[in-house]
Amino acid sequence: LKLQFLYLIVSVATATVTMSEAEWKETWNLFDEKKTGLVSKGDFIHIIRSLGRKYTMADIQEKTSGMGEQVKYDEFINFMKQPYEGPSNQDLLTALQAFDGNETGYLKHSEITSLLTTLGEKMSESEVKQLMSEVKTDDQGRVKIDEFAKYLTEPVPSMTPNIEELQKQLQ
């Protein structure tokens with residue numbers, strides 16, 4: 001049960017704002033530089049994750065099992081049109097509270113770091129450090145669970161990326 005909660009925590013911790021179909025196409029084109037209408041399945045996974053679809057690897061394998069090693073643009077659009085709703089704030093609160101054995105309303109910063117780097121779909125130390133850099137802790141190094149959940153579920157402002165700049169960085 002706690003492992004399922006951890007998947008929930010990781011997916012919320014890395015979630016982004018939903019983008020428009022035009023932004024989907026722009027992101028697709030970053031990977032389909034030759035405009036063939038095809039990308040590898042690996043690139044497809046990078047695209048959907050960069051667009052805010054934070055599925056677990058098991059979910060991705062299930063959802064893409066009928067696709068070949070090359071994914072067509074229309075398959076991508078159809079995939080993105082499928083309903084996707086990430087976990088709610090209440091889901092995340094419940095998940096985090098499962099790790100609060102003493103029911104204090106707090107988790108130690110080090111406990112959160114350990115959970116995210118050792119269980120489920122592990123995050124790297126640098127990813128966790130980046131995530132936790134803006135999280136408030138008290139003088140005992142504890143994070144208030146409800147504030148942490150709110151921080152993780154607040155929408156991230158979206159901005160349209162400079163496509164040319166991103167393509168240069170990928171080369």
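Asp138 is partly exposed, with a relative accessible area of 24%. In this predicted model, Arg142 is partly exposed as well, at 23%. The side chains of these two residues, Asp138 and Arg142, come together in a salt bridge, with 2.9 Å from N to O. A search through the whole structure turns up 1 salt bridge.

In soluble globular proteins, nonpolar side chains tend to be buried together. Here, the largest nonpolar core contains 18 residues, and Leu96, Ile112, Met132 and Phe148 make the most contacts inside it. At least two residues of this core come from each of four helices: α6 (89–97), α7 (109–118), α8 (125–132) and α9 (145–153). The biggest share is that of α9, which gives 4 residues to this core.

Two packed helices are described by the angle between their axes and the distance between the axes. For helix α3 (residues 41–50) and helix α5 (residues 73–81), the axes come within 12 Å of each other and cross at roughly 35°. This crossing of α3 and α5 is right-handed. On the α3 side, the meeting residues are Phe44, Ile47 and Ile48, and on the α5 side they are Phe76, Phe79 and Met80. What kinds of residues make up the contact of α3 with α5: nonpolar, polar or charged? The count gives 6 nonpolar residues, no polar ones and no charged ones.

Note on methods: Residues numbered from 1 in each chain as written. Predicted model: local features only at pLDDT ≥ 70, side-chain atom pairs only at ≥ 80, totals over all residues. Heavy atoms only, no water. Core = buried A, V, L, I, M, F, W, Y, C linked by side-chain atoms within 4.5 Å. Buried < 20%, exposed > 50% of the residue type's maximum accessible area, 1.4 Å probe, protein only. Axes fitted to C-alpha atoms, helices over the stretch in contact; angles between N-to-C directions. Left-handed = near helix turned anticlockwise from the far one by under 90°. Contact = heavy atoms within 4.5 Å. Nonpolar A, V, L, I, M, F, W, Y, C, P; charged D, E, K, R; others polar. Salt bridge = Lys/Arg side-chain N within 4 Å of Asp/Glu carboxyl O.
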